[in-house]
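Here are my notes from a pass through the coordinates. Have the model open while you read.

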Amino acid sequence: MYETEEDPTTANVATTTTAPPKNTENNDKAAKTTTTEPIKKVSEFMRVQRLFRQVTKTENGKNIPKEKREPIDYSPVLDFNNLENNTEENKKLIIDCTSNVTTHEFEFNRETEFYLHPSEWKVYGLQGYPGFYFIKSPFTVSQQKKWIKHALEDYADPPNNNNINLFHGPIKNLWKNGEMEIINDELIKQGKEGLTQLTERPLDKNGEQLPTYRQLLDKLAWSTLGYQYQWTPRLYSEEFYEEFPDDLQELVQKIAIATKFDPYVAEAATVNFYSEDSIMGGHLDDAEQEMEKPIISISFGSTAVFLMGAETRDIAPVPLFIRSGDIVIMGGRSRYCYHGVAKIVENSFDLGLVNENEEPDLKYKIQWLKEKNRRVNINTRQVFKEPKLGGKLVNNKKE
Ligand SMILES: O=C(O)CCC(=O)C(=O)O
Ligand SMILES: [Fe+2]
């Protein structure tokens, strides 16, 4: 998992292809090196990935203002949310699976889980990918915010692992402390007195002063739940297990029932934090012993261009939009296929999540996500054929 292809035009820049699951592409240098790097043959996956790369600097290194950049052509992107807007080619790929899925009932709560009864869900498949499902967001705004809150407050904190812990050691209350700094900076900007109760930053595991929590939050790229995926040996080991959140377990088990992938026990999850210039290179998720159970993926915030590829990188992937609240189920063939995120669409943050009178608990989270067009993605996996340790099966099914 996460062994991504290096883009030869960005090979010597800040593209991380090892442990962190996503590549934060440095478009600036990418643009500069395009002309000097020898042209290597790139895969079909990379060719399509590059269609969504924007040049942000001129050849002599000058910043191109956002409004003057060559716009990205999103017309080839398949859109399950605007069926009529699709190219004729993409229309042929879209399968309406609504009737296959909506008959599998489970108990649910409109207030806290899904606002739409499963019989009202809109579910699509992709031609050539049996087992792949796309569910148009069945969440209310407040349910979306619940997962955003969990991701920032709980999932990114110890004992769960994240990309920042790898360098600095465990950092407690990353969000809470970062939020205090955000509030403090705002007050000072307004000429007011800053907060008095800012937490003193501890030294990190190397005895070095930690960067500010705001800076750390800016670097937050991923965290792991349940079996903590070990990026270097590329495996899950029973030694590194943290309790899997019950409410997330319940949610994905219900989605698994709807799509007939039950029984499903989420034993591990990756939580990805993207900002406006993040990408995730093409990769396979193949470290799980159980590959017959799908990856169930929920996303909130800005819109992504997701690439659904094939078993090799030599086949062009299908680019598709994933918007806030949409659910993607990668089962069947798609479970064995390359995929990635080519682009976070400019200015695509879901304005439905923005509320002038937001409660204090959420105000800064939404502001933080919106200001850099951020996106939170949570994707779950069953790791073992016989689920072990904390993996619980909740009986949600209506008999
Ligand atoms: O962000 C996404 O939609 C995809 C994430 C993904 O593929 C992964 O974490 O393995
Ligand atoms: Fe993946």
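1. Ground rules. This is a predicted model, so to speak of local features pLDDT must be at least 70, and side-chain atom pairs count only at pLDDT 80 or more, while totals for chains, interfaces and linings use all residues. Residues are numbered from 1 along each chain as its sequence is written, chains are lettered from A and ligands numbered from 1 in the order in which they are written, and side-chain values use heavy atoms, with hydrogens and water left out.

2. The sheet. There is an open sheet of nine strands, in the order β2-β3-β4-β12-β9-β14-β7-β6-β5, with antiparallel pairing. Strands here are DSSP runs of E with at least two residues, helices are runs of H or I with at least four, and both are numbered from the N terminus. Two strands pair if DSSP finds at least two bridges between them. β2 (94–96) and β5 are the edge strands, each with a single partner, so one side of each has no neighbour in the sheet.

3. Is β6 buried or exposed? Five of the five residues of β6 are buried, so it is largely enclosed by the rest of the structure. Buried means under 20% relative accessible area, exposed over 50%, and partly exposed in between (1.4 Å probe, protein chains only).

4. The main core. The largest nonpolar core has 64 residues, and Trp121, Trp147, Leu248, Leu251 and Ile298 touch the most other members. α9 supplies the largest share of this core, seven residues. A core in this sense is a set of buried Ala, Val, Leu, Ile, Met, Phe, Trp, Tyr and Cys residues joined through side-chain atoms within 4.5 Å. Leaving aside residues up to four places away in sequence, the contacts of Ile298 include Phe139, Trp147, Leu248, Leu251, Ile327, Val376 and Ile378, plus Asp326 and Asn377; contact means heavy atoms within 4.5 Å.

5. The other core. A second, separate core has 23 residues, among them Phe132, Ala304, Leu320 and Cys337. In soluble globular proteins, nonpolar side chains tend to be buried together.

6. What lines the largest cavity. There are 19 lining residues, with Ser297, Phe306, His339, Asn377 and Asn379 closest to the centre. β14 gives the most to this lining, four residues. Other elements that give two or more include β7 (268–274), β9 (295–301) and β13 (339–344). By type, the lining of the largest cavity divides into nine nonpolar, seven polar and three charged residues. Ala, Val, Leu, Ile, Met, Phe, Trp, Tyr, Cys and Pro count as nonpolar, Asp, Glu, Lys and Arg as charged, and the others, Gly among them, as polar.

7. Cis peptides. Omega is near 10° for the cis bond from Pro158 to Pro159, and Pro159 sits in the loop between α5 (141–155) and β5 (161–162). The bond joining Asp262 and Pro263 is also cis, with omega about 0°; Pro263 is in the loop between α9 (246–258) and β7.

8. Positive phi. Most residues other than glycine have a negative phi, and most peptide bonds are trans. Arg234, not a glycine, has a positive phi of about 60° and lies in the loop between β6 (222–226) and α9. Arg234 is partly exposed, at 32% relative accessibility. Lys260 has phi near 65° and is placed in the loop between α9 and β7. Lys260 counts as exposed, at 61% relative accessibility.

Methods: 1 Å grid on protein atoms, 1.4 Å probe; cavity = no way out; pocket = protein on both sides within 12 Å on 5 of 7 lines; lining within 4 Å.
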